[in-house]
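Please have the sequence and the 3D view side by side.

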Amino acid sequence: MKRFPVIRHLSAGLLLMMGMSHAGEDARQLVKLPDMMQQHMLHNMRDHLASINQILSYMADDELDKAADVAETRLGMSSLEAHGASHMARFMPEGMRQAGTRMHKAASRFARTAQEGDALPAYKALAEITAACVSCHAGYRIR
Ligand code: HEC
């Protein structure tokens with residue numbers, strides 16, 4: 001192998017890639033929360049999904065104002081209090097906290113964009129909210 005360092009690097013890279021995509025392996029970081037907080041967070045999560053669904057329904061009916069309202073009050077920066085965010089943030093690793101903040105900010109950004117009344121940019125902003133859901137889910141679990 002000494003004379004073929006490129007091959008050595010290639011095979012190391014290949015092994016790494018195989019390791020990452022190993023079927024059934026869960027690479028998400030486990031974040032232990034007190035039991036009540038875990039319930040609370042999952043409850044919030046189900047409301048997040050219901051909100052996204054509600055937003056999509058309003059968008060389909062061309063009711064961008066209502067979509068903006070749902071996003072701001074249930075997902076956006078205005079929802080932090082209701083979600084007990086500051087309470088839960090203490091238990092989260094930094095990366096998870098940042099993913100949460102990214103989601104709340106994206107939701108408020110969506111609300112502002114939707115209020116301008118143009119559907120296409122609003123859809124783009126909506127995808128930034130769901131991208132934040134996806135990225136946190138890819139990295140963390142609580143059970
Ligand atoms: C800061 C991280 C984070 C963000 C952002 C986030 N989630 Fe979650 N979500 C989680 C974690 C962690 C779980 C629990 C995973 C596990 O351990 O089973 C979860 C679980 C869920 C569940 C399952 C609830 C249940 O009762 O089992 C739903 C639905 C969900 N999330 C929807 C969403 C939606 C929709 C968004 C975006 C609008 C979102 N989440 C944003 C971290 C996040």
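Which elements each supply at least two residues of the shell around the ligand? They are α2, α6 (94-115), α7 and β2 (140-141). Helices (H or I, at least four residues) and strands (E, at least two) are DSSP runs, numbered from the N terminus. Before going further, please keep in mind that this is a predicted model, in which local features need pLDDT of at least 70, side-chain atom pairs count only at pLDDT 80 or more, and totals for chains, interfaces and linings use all residues. Residue numbers start from 1 along each chain as its sequence is written.

Staying with the ligand, α2 gives the most to the shell, with six residues. There are 20 residues around the ligand, and M45, G100, C133, C136 and R141 come nearest; a residue is near a molecule if its C-beta atom, placed from the backbone, lies within 6 Å of it. By class, the shell divides into 14 nonpolar, three polar and three charged residues. Here Ala, Val, Leu, Ile, Met, Phe, Trp, Tyr, Cys and Pro count as nonpolar, Asp, Glu, Lys and Arg as charged, and the others, Gly among them, as polar.

Now zoom out to the whole chain. It has seven helices and two strands, and along the sequence these follow the pattern α-β-α-α-α-α-α-α-β. Of its 143 residues, 18% are buried, meaning that 20 or more other C-beta atoms lie within 10 Å of a residue's own; 12 or fewer make it exposed, anything in between partly exposed, with C-beta atoms placed from the backbone. Among contacts in the chain with a separation of 6 or more, 72% join residues 24 or more positions apart. Two residues are in contact if their C-beta atoms, placed from the backbone, lie within 7 Å.

Next, the helix pairs. Two packed helices are described by the angle between their axes and the distance between the axes. The axes of α6 and α7 come within 8 Å and cross at roughly 170°. Axes are lines fitted to C-alpha atoms, for helices over the stretch in contact, and angles run from 0 to 180 degrees between N-to-C directions. The two helices are therefore roughly antiparallel to each other, the term for angles over 145 degrees. Their crossing is left-handed, that is, the near helix is turned anticlockwise from the far one by less than a right angle. By class, the contact of α6 with α7 has 15 nonpolar, five polar and three charged residues.

Helix α2 (residues 35-60) also packs on α7 (residues 119-139): their axes come within 12 Å and cross at roughly 170°. That makes α2 roughly antiparallel to α7. On the α2 side the contact is made by H48, I52, I55 and M59, and on the α7 side by A119, A122, L126, T130 and C133. These residues divide into seven nonpolar, two polar and no charged.

Finally, look at two loops. R28 is found between α1 (5-20) and β1 (29-30), and R28 is exposed because 12 other C-beta atoms lie within 10 Å. R28 and G139 are 111 residues apart in sequence, but 4.7 Å apart in space, C-alpha to C-alpha. D62 lies in the loop between α2 and α3 (64-75), and phi of D62 is near 60°, a positive value in a residue other than glycine.

Terms used
Angles under 35 degrees count as roughly parallel, over 145 as roughly antiparallel, 65 to 115 as roughly perpendicular and the rest as oblique.
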